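Here is the note you asked for on this model. The points are numbered and can be read one at a time.

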Amino acid sequence: MPGFNLYSSNFNQSTNDYQFDGHAPVVWLQEDDFTLNSQTPANYPKNSSPNPNGCLEGCLYSDATESNLKDLFQLLNAEKLDESAELIKDWDGEFVVIYATKEKIYVVSDAFGRLPVYYSNVDNQYIVSRNISFVRSSLNSVDYDPMQIGASLLLGTQLGETTLWKSIRKAPPHSILEIDRTTNVLKVHRYFKLKTVSGTANFDEVKHEIRATFLDTLERRVKFMDQPT
């Protein structure tokens, strides 16, 4: 999949040569200890943020995107991860936010993990990317996971946060990846909780509310499309 690539500066240099569907990497943010770039087509939804150390990939269907990001960055600066997760829980959109402070780098996924993110943290180095083939090609050696190969053959997918490779994982939905810029250690903070709905109302009583919610959601998305059809 197209999207961002984040990796520590001590990573395999092949990361600089990797091409995705002919798209060369475009650097978003680079410092002595890490690089954040993107390999996407011209019309792919990605935005610079109101902070030079932050990037938004995907889209928030809101006129308050900039202020929302400012609020999130303020919480991340204070290392208030629980509050950050609570803030984004009801944001309407498909997005991943990457933000660097002096000590940490955070990768924040939306409440349902609509944009898959893959990562590896081995040999005192890390790589986080939307493109699993970028992660795979950047590792010196990767062992297959026999259990997940079996699951893939049986079910057509991998279970949970696993992939076909032992050292590559998938970030869970509604999660925050926290990377220590001094040690290169990556921690996963999980916040996803499936909501259940119960009640005794029949469909006739709630159908108007369902319709209004659907139309509001649709209107938001059409508003942010360049050429809606």
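1. A polar contact is a pair of N or O atoms within 3.5 Å; within protein, one of the two must be able to donate a hydrogen and the other to accept it. With that cut-off, aspartate 145 caps the N-terminal end of helix H4 (residues 146–155), a side-chain oxygen lying 3.1 Å from the backbone nitrogen of methionine 147. The model discussed here is a predicted one.

2. The other end of helix H4 can be taken next. Glycine 156 follows H4 and has a positive phi, near 80°. The loop between H4 and E10 contains glutamate 161. Glutamate 161 counts as buried, at 18% relative accessibility, because the cut-off for buried is under 20%. The side chain of glutamate 161 makes a polar contact of 2.8 Å with the side chain of arginine 190.

3. Now the sheet that includes E10. Six strands form an open sheet in the order E2-E3-E1-E9-E8-E10, and the pairing is antiparallel. The edges are strand E2 (26–31) and strand E10 (169–170); each has a single partner strand, so one side of each is left without a neighbour in the sheet. As background, strands of a sheet pair through backbone hydrogen bonds, either parallel or antiparallel.

4. Within this sheet, strand E1 (residues 3–8) and strand E9 (residues 125–129) run antiparallel and are joined by three bridges. Asparagine 5 has serine 129 of E9 opposite. The loop between strand E8 (118–122) and E9 holds asparagine 124, whose phi is near 60°, a positive value in a residue other than glycine. Most residues other than glycine have a negative phi.

5. Glutamate 79 is not a glycine, yet its phi is positive, near 60°. Glutamate 79 sits in the loop between helix H1 (65–77) and helix H2 (81–88). With a relative accessible area of 45%, glutamate 79 is partly exposed.

6. How many cavities of 30 Å³ or more does the structure hold? There is one, and the volume of the largest cavity is about 30 Å³. Its lining has 10 residues, of which Met1, Pro2, Gly3, Asn5 and Asn131 are the closest to its centre. E1 gives the most to this lining, with three residues. By class, the lining of the largest cavity has four nonpolar residues, five polar and one charged.

7. Five aromatic pairs are counted. In one of them, tyrosine 7 and phenylalanine 134, the ring centres are 6.0 Å apart and the planes stand at 45°, so the pair is tilted. Because tyrosine 7 is in strand E1 and phenylalanine 134 in helix H3 (residues 132–138), this pair ties together parts that are 127 residues apart in sequence. Both partners are buried: tyrosine 7 has a relative accessibility of 5%, and phenylalanine 134 has 0%.

8. Another of the pairs is formed by tryptophan 91 and phenylalanine 95, with ring centres 5.7 Å apart and planes at 50°, so this pair is tilted too. Tryptophan 91 is buried at a relative accessible area of 13%. Phenylalanine 95 is buried as well, at 1% relative accessibility.

9. Strand E6 (residues 93–100) is mostly covered, with seven of its eight residues buried. On one pairing, strand E5 (residues 54–60) runs antiparallel to E6 and is joined to E6 by seven bridges. Glutamate 57 has valine 96 as its bridge partner in E6.

10. E6 also pairs with strand E7 (residues 104–109), in the antiparallel sense and over five bridges. A hairpin of three residues connects E6 to E7. Across this pairing, alanine 100 stands opposite isoleucine 105 in E7.

Definitions and conventions. Residues numbered from 1 in each chain as written. Predicted model: local features only at pLDDT ≥ 70, side-chain atom pairs only at ≥ 80, totals over all residues. Heavy atoms only, no water. Pairing = 2+ DSSP bridges. Helix = DSSP H or I, 4+ residues; strand = E, 2+ residues; numbered from the N terminus. 1 Å grid on protein atoms, 1.4 Å probe; cavity = no way out; pocket = protein on both sides within 12 Å on 5 of 7 lines; lining within 4 Å. Points joined across faces, edges and corners; volume = space filled by probe spheres on them. Nonpolar A, V, L, I, M, F, W, Y, C, P; charged D, E, K, R; others polar. Phe/Tyr/Trp six-rings, centres within 6.5 Å; stacked < 30°, edge-to-face > 60°. Buried < 20%, exposed > 50% of the residue type's maximum accessible area, 1.4 Å probe, protein only.
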